[in-house]
Amino acid sequence: MIGCATAYFAERAGLRTVVVEKRPALATLTTPVATGAFRLQFDNAEEVELVRESIAFFDELQTGVDLGLKHQGYLFVSRTAAGARTQGELVDAQRQWGLTDVELLDGTEARRRFPYLAGDVINARFRQGDGWLEPRRLALELARSSGATFQTGVGVTDFIREGDRVRGVSTTAGPIESGTVVIAAGPLSGPIATRAGLDLRLATVRRHKLIIPDLPQVPRDAPMTIDFETGAHWRPAGSGAHALWTAPAPAEPPLDDVPTSSSFAFGLLDPRSDHALARIVPFWKEVWTSSRLQWWLQAGQYTYTPDRRPLLGPTVVPGLAVNTGYSGHGIMGSIGGSRRAVDAITGALSPGANPFRPDRPMEARSFDVL
Ligand SMILES: Cc1cc2nc3c(=O)[nH]c(=O)nc-3n(C[C@H](O)[C@H](O)[C@H](O)COP(=O)(O)OP(=O)(O)OC[C@H]3O[C@@H](n4cnc5c(N)ncnc54)[C@H](O)[C@@H]3O)c2cc1C
């Protein structure tokens with residue numbers, strides 16, 4: 001996704017661009033594992049603005065190309081007094097950042113609007129304009145319309161250096177010289193950056209997606225429904241659902257093939273689990289006992305920076321830039337992030353105006369709920 005989006009904006013900025021992808025096809029590592037969701041309900045103004053730009057772009061693109069885009073909303077649901085209070089505070093803060101279309105619903109109103117919610121839900125926050133799209137469709141459309149050259153099945157092995165300066169890359173198909181090299185290698189960005197002596201301080205953490213192909217209980221018009229206390233969430237997909245959960249998990253080395261674990265499925269589906277989907281939506285109890293229940297799993301890696309925000313633009317190594325570190329937001333952040341990364345490279349965006357510049361001071365931030 002991020003390589004394709006970088007190419008799209010680089011070509012529009014007048015930079016002749018080559019994208020080198022070591023796999024035989026584009027958008028086949030982390031990008032197709034994403035559930036493709038986007039939201040403006042963030043806890044800081046900078047990320048709201050970054051994703052706002054992406055969503056406006058998606059809406060415009062969808063008028064000519066079917067991205068599978070749906071504005072079915074994000075519904076964060078709370079069952080505890082503390083959670084309900086935090087949700088209220090967050091909505092107040094979001095209003096101050098100009099995000100005026102987030103609704104705060106009490107339990108009764110939430111159940112009236114979304115009858116599948118549990119009786120003990122205290123409040124919910126909902127924004128209709130949030131939603132999802134098909135990530136691979138977006139990535140391949142950006143690649144197609146970029147005008148860039150794509151080389152698949154070609155791996156970058158090292159950088160070509162002239163003194164301190166990066167002048168291109170060595171690849172499995174020979175050298176490519178370039179005025180600027182952009183690392184947009186997802187979870188594998190860290191190891192390749194070390195070849196240029198750069199420590200990007202990235203951590204890679206395995207994340208799963210549970211795919212249930214057929215699920216009559218799921219209303220087809222339901223929003224992304226999130227348990228605010230546990231982070232477990234699901235959304236309609238095809239005639240079934242995608243379900244996910246992103247609790248703190250240990251970092252693992254970056255991988256080209258990410259294994260799945262059946263315990264992830266049981267953690268969401270078994271009503272006895274402390275993060276069961278059934279906690280806020282009782283129909284998941286019926287799903288658990290149904291003989292029709294079948295599922296499969298996909299896994300990929302989140303690429304985390306210490307402050308959970310992406311790294312966008314030139315690095316301290318002359319000629320070397322990065323566009324990576326999107327944690328769970330690389331689809332929704334792709335457009336706003338890549339436009340900023342390219343503007344930072346061309347000088348259209350100054351370092352002082354770029355809160356995502358790679359050499360910023362970073363304070364460790366705890367895990368976001370998603
Ligand atoms: C379970 C899960 C759910 C998610 N859900 C969402 C969501 O709902 N919304 C959202 O916005 N984000 C979501 N994300 C995050 C999103 O998927 C990522 O942020 C995004 O896909 C990252 O894109 P990327 O292009 O940086 O990485 P990737 O898709 O991993 O692409 C990196 C590419 O670089 C190539 N590469 C690496 N090293 C080299 C090399 N040396 N030479 C050549 N090529 C190389 C790789 O082969 C790969 O194709 C989710 C992620 C996961 C795992």
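This is a predicted model: local features need pLDDT of at least 70, side-chain atom pairs count only at pLDDT 80 or more; totals for chains, interfaces and linings use all residues.
## Nonpolar core

In soluble globular proteins, nonpolar side chains tend to be buried together. Here the largest nonpolar core holds 89 residues. Cys4, Leu75, Val77 and Leu277 have the most contacts inside this core. H1 contributes the largest share, 7 residues. Domain 1 (2-64 + 134-202 + 305-353) and domain 2 (74-127) each provide at least three residues to the core.

Val77 shows what such contacts look like. Beyond its neighbours within four places in sequence, Val77 touches Ala110, Leu117, Val121 and Ala124, among others. Its contacts also include Thr225, Ile226, Asp227 and Phe228, as well as Ile280.

## Overall fold

The chain has 9 helices and 19 strands. Its radius of gyration is 21 Å, close to the 21 Å that the globule rule gives for 370 residues, so the chain is as compact as a globular protein of that length. Along the principal axes, the C-alpha atoms fill a box of roughly 65 × 45 × 40 Å.

Of the 370 residues, 46% count as buried. Among contacts between residues at least 6 apart in sequence, 72% join residues at least 24 apart.

Terms used:
Residues are numbered from 1 along each chain as its sequence is written. Helices (H or I, at least four residues) and strands (E, at least two) are DSSP runs, numbered from the N terminus. The radius of gyration is taken over C-alpha atoms; the globule rule is 2.2 Å times the number of residues to the power 0.38. A residue is buried if 20 or more other C-beta atoms lie within 10 Å of its own, exposed if 12 or fewer, and partly exposed in between; C-beta atoms are placed from the backbone. Two residues are in contact if their C-beta atoms, placed from the backbone, lie within 7 Å. A nonpolar core is a set of buried Ala, Val, Leu, Ile, Met, Phe, Trp, Tyr and Cys residues joined through C-beta atoms within 7 Å. Domain bounds come from an automatic or database domain assignment.
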